[in-house]
Amino acid sequence: MRNSLLWETRISLAEAGRLAGNVNPATIWRWRTKGVKGVKLETFAIGGRQYTTREALERFITGVTAAKEAIYGEIADAEARSESTERQLRAAGLL
């Protein structure tokens, strides 16, 4: 099985920062080590230097966006349930 990162468009972490909208290199490093919302930036090392790929950066951004949208969806669902419960309590004369 081929490692997909090796067949994708290699970029330095500094270039990844520029492509992501001039993100600080320290932020890129955190994305690869700690991640965001459970999503980590895929990287690999060659000769002691860390690299990623354009495609991995796209997967990372897409994954973080999806995770945040899921959280916002859960919040919206909870708010809707709360409003529904409040309406039911008011209808029952309990509020």
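Predicted model: local features only at pLDDT ≥ 70, side-chain atom pairs only at ≥ 80, totals over all residues.
The secondary structure of the chain consists of 3 helices and 3 strands, arranged along the sequence in the pattern β-α-α-β-β-α. Of the 95 residues in the chain, 23% are buried. The chain exposes about 6,800 Å², with carbon and sulfur atoms supplying 53% of that area. Among contacts between residues at least 6 apart in sequence, 53% join residues that are at least 24 apart.

Two strand residues illustrate contacts between separate parts of the sequence. Ser-12 belongs to strand β1, which spans residues 10–12, and has a relative accessible area of 18%; Ser-12 therefore counts as buried, the cut-off being under 20%. Beyond its neighbours within four places in sequence, Ser-12 is in contact with Arg-49, Gln-50 and Tyr-51. Ile-46 lies in strand β2, formed by residues 44–46, and is partly exposed, with a relative accessible area of 38%. With neighbours within four places in sequence again set aside, the contacts of Ile-46 are Arg-10 and Tyr-51.

The largest nonpolar core comprises 11 residues, namely Ile-11, Leu-13, Ala-16, Val-23, Ile-28, Trp-31, Val-39, Leu-41, Leu-57, Phe-60 and Val-64. Two or more residues of this core are given by each of the elements α1 (13–19), α2 and α3 (54–91). The largest share, 3 residues, comes from α3. Phe-60, a member of the core, is in contact with Trp-31, Val-36, Val-39, Lys-40 and Leu-41 when neighbours within four places in sequence are left aside.

Helix α2 covers residues 25–33, and its buried residues are Thr-27, Ile-28 and Trp-31. Viewed down the axis of α2, these buried residues fall within an arc of 100°, so they line one face of the helix. An α-helix has 3.6 residues a turn, so residues three or four places apart point the same way. The N-terminal end of α2 is capped by Asn-24, a side-chain oxygen of which lies 2.8 Å from the backbone nitrogen of Ala-26. After α2 comes Gly-35, which has a positive phi near 80°.

A search of the whole structure identifies 3 salt bridges. One of them joins Glu-15 to Arg-18, with the closest N and O atoms 2.9 Å apart. Glu-15 and Arg-18 are separated by about one helical turn, because they stand 3 residues apart in helix α1. Both partners are partly exposed, Glu-15 at a relative accessible area of 22% and Arg-18 at 49%.

Arg-59 takes part in a salt bridge with Glu-8, at an N to O distance of 2.9 Å. This pair links distant parts of the chain, since Arg-59 is in helix α3 and Glu-8 in the segment before β1, 51 residues apart. Glu-8 is buried, with a relative accessible area of 17%, whereas Arg-59 is partly exposed at 35%. The side chain of Arg-59 also meets that of Glu-42 in a salt bridge, at 2.8 Å from N to O. Glu-42 lies in the loop between α2 and β2, so its pairing with Arg-59 of helix α3 ties together parts that are 17 residues apart in sequence. Glu-42 is itself partly exposed, with a relative accessible area of 31%. Through shared partners, Glu-8, Glu-42 and Arg-59 are joined into one salt-bridge network.

Technical notes. Residues numbered from 1 in each chain as written. Heavy atoms only, no water. Helix = DSSP H or I, 4+ residues; strand = E, 2+ residues; numbered from the N terminus. Buried < 20%, exposed > 50% of the residue type's maximum accessible area, 1.4 Å probe, protein only. Contact = heavy atoms within 4.5 Å. Arc of directions from axis to C-beta. Polar contact = N/O pair within 3.5 Å; in protein donor to acceptor, adjacent residues only side chain to side chain. Areas by Shrake-Rupley, 256 points an atom, 1.4 Å probe, with all protein chains shown as cover. Core = buried A, V, L, I, M, F, W, Y, C linked by side-chain atoms within 4.5 Å. Salt bridge = Lys/Arg side-chain N within 4 Å of Asp/Glu carboxyl O.
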